[in-house]
Structure formats: C-alpha cells, structure tokens
Amino acid sequence: MEELVGLREGSSGNPVTLRELWGPCPQIRRGIRGGLQWLKQKLFRVGEDWYFLMTLGVLMALISYAMSFAVDRVAGAHNWLYREIGDSHLLRYLSWIMYPMALLSFSSGFSQSITPFSGGSGVPELKVILSGVVLEDYLDIKNFGAKVVGLTCTLASGSTVFLGKVGPFVHLSVMMAAYLGRVRAKAIGESENKSKRNEMLVAGAAVGVATVFAAPFSGVLFSIEVMSSHFSVWDYWRGFFATTCGAFMFRLLAVFSSEQETITSLFKTSFRVDVPFDLPEIFFFVVLGAICGIVSCAYLFCQRVFLGFVKNNPIISKMMATSKPLCSALAALILASITYPPGLGRFMASRLSMNELLNSLLDNNSWALMTRNSSPPWPAEPDPQNLWFEWCHPQFTVLGTLSFFLVMKFWMLILATTIPIPAGYFLPIFIFGAAIGRLIGEVLSVAFPEGIVAGGATNPIMPGGYALAGAAAFSGAVTHSISTALLAFEMTGQIVHALPVLMAVLAANAIAQSCQPSFYDGTIIVKKLPYLPWIRGRHINSHGVIVGHFMNCTITTLAKDTPLEEVVKVVTSTDMPEFPLVESTESQILVGVVRRPHLVQALQAEPPSWAPGRQWCLQDVLAGGCPVEPVTLKLSPETSLHQAHHLLELLNLQSLFVTSQGRAVGSVSWVELEKAISNITNPPTPK
C-alpha cells in the first residue's frame, strides 16, 4: 500500500508523508535528522585525514600484535626443543645454536632477496627522507612483506642475538603511511602533495613506536626528537590521534586474547608509592645519568668504528655483499655459543627473553641483600614468579653477574648491529641501561642496607627505580632524546620516579651530545647518506661565517642570448638537474631556472619554422614553450651560515642560488654547508 502524502500549510508545494506531518515534534525531529546528516557528511567524507590516520593506527596495531604472537610461538617451540631433547650436552648445544642460525640466515636471505632496503633499522634512512632527500623505492609497499617476515624471524631468535623491534617497525609504519597517502590522493582525485605526504610520514613514525610499546605520548615525542629537525604544530594532532588509535588497539587485542584482564602497561612494576626515594638519592640518580652518558659515548664510538671497519674491510665487505645469509649464520653461531646456558650464558641470564630480562631488572627487591647468606637454587627452567633467580650463581655474586652481563653485551650488541637483517636496536640499549642502573642500585643497597637517613626516617633503597632511570638515561643518550623518560613511564605505568629519571636523562644527554653523534646520525655518517649536520651552539665562531666565505662561485649559467650550439654543449657536458637562467651574458641578472628534462625536450623538438642560416639562441627555445620556473628564494653573500642552514633544513631544500644586486654569483648546497661546518668543528691546521 502506498504511503499517504500531503502538503504542509504555507509550504511551497513539496509533499511530505502524513506520518511526518502529524507525528509528534516534527520540527525537533527534522532538526535531529538534519544534524545527523551533517555529521555523517563531515565524518565519512572520503579523503578526510582522520579516516586514514585511524586506519594506519589500527592496521599497525594488528600487525604488531600478530608479529608478537608468532614470535612467542616460535620462541616457545625453541624452548620446548631445548628442554625435551635430553641430557646430552652436544644435542642441547646443537638445539640452542641451530635455531637462531637458521632463523637469522633465513631472515637475511629472504628479505635481501626481495629488496635490498629491508636490512637494518631503517630509522637513519627515514631521517634522510624526512629532510627532503628522495631515496628511490625505499618506501615502496613491496618492501613491506619482506621486512615483516625478516623481522619476525629476527625477534624469534630471542635474547641470544639481543635485538629489538622498534626501528624496523617504524620503517614498516612509514611505508604503510606512504601507501595510505597515495590511496587518499587517488580517492579524492588529486595529485600527491609533498606536504601532505610528509604529514602522513611523520604520523607513521609516531605510530611505529606507539604500537610496539603501547605508548602514544612518547611515540609522538620520540618521532619529533629523532626523526625530524623541525616539526610542524599542524602535525601534532595527527600524530596523537594515530598513536592513540594504535596503542589502544594493541592493548585491546591483549584483552581479547585473555592475556590481560584489562588495558594495562606493557611491563608491570610494584614500586613503593608513598616514599619511592629519599632526597639524598637524587645525587646518586644524577651520578647514574653521568655514568650512562660516559658509557654511551664509548658504545657509540666503538659501534661506529666497528661498522666502518666492516664496510671498508675488503674481505668482510665482499662477504656481506655476496653471502649475507652465511655472514648472519656465522654471527648467530658466535652469539649463541657464548649465551649457551650451561656455559657462559649461566652468568648472563640467557634463558630469559627480552621482555623477561627487562621485567626481572625492574624488580624492586634488592637481590644482593636477599642472597647475602645463600644463593637460591638454579631452577630447571625459568620461574615466571622469580625471574631474578636467573641472575644468581652460587660462586658468583649478583654484582658479578650484572657486571659480566654488561661487559659481554657491550661488544655482542655492537657485533649484532652489523648483521644484515631487519632488526631494531632501541630495546637492547634500553635493557643494557636498565642493567647499568640495576648494578648501581644493588651497590647502593649493599652500601646502605637499611636505607639512607633523611628527615629522621630510613627507607630501603629500591634497585628497580635505578634500573628504570638507567634504561631511560642510556637509551636517551644513545639516541640523543629526552622522550625516553616519558617512554619509561608509559611502558611501566610508574611515574613516581619522574623527577630523578628526568634528571638522569638530562645528565646523560648533556655528556653524550657534547661528545658523540647519536646512534642514527653515526649510521648516516658511516653509510655516507646525504644529511645536513647540525651546527653545534658551542662553536661561537660559526656566527661570524657568511655565505660569501664558503659558497660555490663556479656555477654554470645560461643566458637568453646564448647560441644554441653552446647551450647543447653545456647540456651534454654537465649533469646538472637545473640551470640558472640569466637575462644576458653581460648582466648575469638571475631571472629563473630551467629544468634539464624540459630543456632537453625543447632542444629535441626543433620547430620546422626555424629558417636555416640564422643564429638561433636560447631565447627562441624559451619562446617556443620551454617552461621557466621563477626563483622565489635566494641567498646573499652576506647571509650568515646559520640563516642558510635554517632555510635549507626548514624548507627541505638541496641548494639555493646566491645573488648580489640581482646578479648570480654562486650557489650553496649541502656539500658547501657540510664543508663549512666541518671547518668550524675541526679547523684545518695552518700551513
């Protein structure tokens, strides 16, 4: 039966249903319906940023959780094989070393066979991309699967290889962000915008950290500090929205799978809340930060030197280029043999996974005081409720095992960073810093068994608090970031040590940043990637340096009155991507820029109307339709080094022309800036 319709009084004639005409509160219902329609149009309009940012966060959370699930199952199978294979030391040794050897060789062979960009962390290359350099195919989505499979195999080898997840997952998240950016551009029918692309890439870097540690705040801050030299406030809400979606979904999956009862922090601690530390302990936290800063300088120097040795040694570099799976297997053999539990691994808690290592180090009880009279027995397998038993040895004190762990992991981690596999290096240095803090905390608990007297009251020292501060301080010093303090709070759900942890991080950064480049900047230096170095503020002489002191004065210009023969000669004899165009050979007034492809195309398409015998010049080619781009930004010879550096860095430019009273007198690129900064940092010796 057709619905009855009628006309509303005073209407223009548009019919309405009788139900709407006679229903209760027709105006209110129309207003609500109109409001819902407006909300639907605003929220679900194709191409809106929030839609793709939420998709990015949810997708990366699902991938992160699936990867962790697969790693736990593979590592569990390894532990079961080692436990059930029998009492034969030979069989147990073989089961211990063959697993990581097979996983690392497969990780290297599989990922490198698909794409050469899947090895390593990926963060140094991302820093270069976000600075404006184009690295071909590095963010191609086809690399995604290779890095996921390779990273899963790397993580499944456990603490034997002592590698993490953060760096490669940041690379994966940025690849996904670049792909979603292209999908967004196609959905709304516009060409891909460079600024929009960078917004998605910055959000992707933040999501990569957030979906590994369920830490949205520190994910955004870490991406600001580590990934980019300048950060737009416009990208702030995008980063927080995407990281919140990712972190929430990552922890929600743990609840759905019955791993957790509710959404909690990734690592649980039980620090004392009422009096977490006494006032005199602030001094020891600052000393801990200074120790972490000094150790980080030694680590960064040794790692950079060893990485350079591996790249420059002809034998090793040839093996790395032709036999990556073999190199990975040999490195895994060395590391697994050292960490074999009945051997040296007994003194390094080698049976614990990466997460279990960090959980054990954050224990708030003093192991040294608990084992003063007797050492607990070594269990047949790790006890989840007493992970600290793995750090005890009847003939070796807890201080000895922690010291041995630090000495061995120092060079083992440096060796592991050279293996050509997808791997992250943040969690290992975080655990290493926690071990430094744990050692200092245990020493203090032995020196002050009753606690430090403050205000007439004594409270026992919590070595777990020092482990938390050491983890944040050492990782912050290695990466030159302060946000590791906030990351430590979000990972553990504890903020009672906020002030001492932050002071330790600041002390460590003050030492590390004044002595060594960060881990990622050092890798950029060794790999010789194009990257603009910082101008350290301590070099006061840099403020007197101007562009005229270091600019490239030998530039090739094309004048409008240049004969075509000379134009062809210049184009064929140089590989410049663009040519500065001047008004005339005599005046040298800069009027624009001609791109090389456009000029070559115009020269090849010679119009038939050109009469032979006449002297044709570049002006005739330009008049025939060759586009000329205006030069909107130029430098002066009197521009300071700092101003030129800021312009190139902020606008992601590779070079700028230098003009004096309109005349083109030179150019400044990253090469000239690097030389100028290098001369300031390391002045040449006078002849």
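This is a predicted model: local features need pLDDT of at least 70, side-chain atom pairs count only at pLDDT 80 or more; totals for chains, interfaces and linings use all residues.
Modeller: Residues are numbered from 1 along each chain as its sequence is written, and side-chain values use heavy atoms, with hydrogens and water left out.

Biologist: How is H18 oriented relative to H20?

Modeller: The axes, which are lines fitted to C-alpha atoms over the stretch in contact, with angles running from 0 to 180 degrees between N-to-C directions, come within 8 Å for H18 (residues 463-479) and H20 (residues 498-515) and cross at roughly 30°. Angles under 35 degrees count as roughly parallel, over 145 as roughly antiparallel, 65 to 115 as roughly perpendicular and the rest as oblique. Therefore H18 is roughly parallel to H20.

Biologist: And how is H9 oriented relative to H10?

Modeller: The axes of H9 (residues 216-227) and H10 (residues 236-256) also come within 8 Å, but they cross at roughly 135°. That angle makes H9, relative to H10, oblique.

Biologist: Which residues of H10 make the contact with H9?

Modeller: Contact means heavy atoms within 4.5 Å. On the H9 side the contact is made by Pro-216, Phe-217, Val-220, Leu-221 and Ile-224, and on the H10 side by Tyr-236, Gly-239, Phe-240, Thr-243, Thr-244 and Ala-247.

Biologist: How far apart are the end C-alpha atoms of H13?

Modeller: The expected span of a helix is 1.5 Å times one less than its number of residues. The 15 residues of H13 (residues 324-338) should therefore span 21 Å, which agrees with the distance between its end C-alpha atoms, 22 Å.

Methods: Helices (H or I, at least four residues) and strands (E, at least two) are DSSP runs, numbered from the N terminus.
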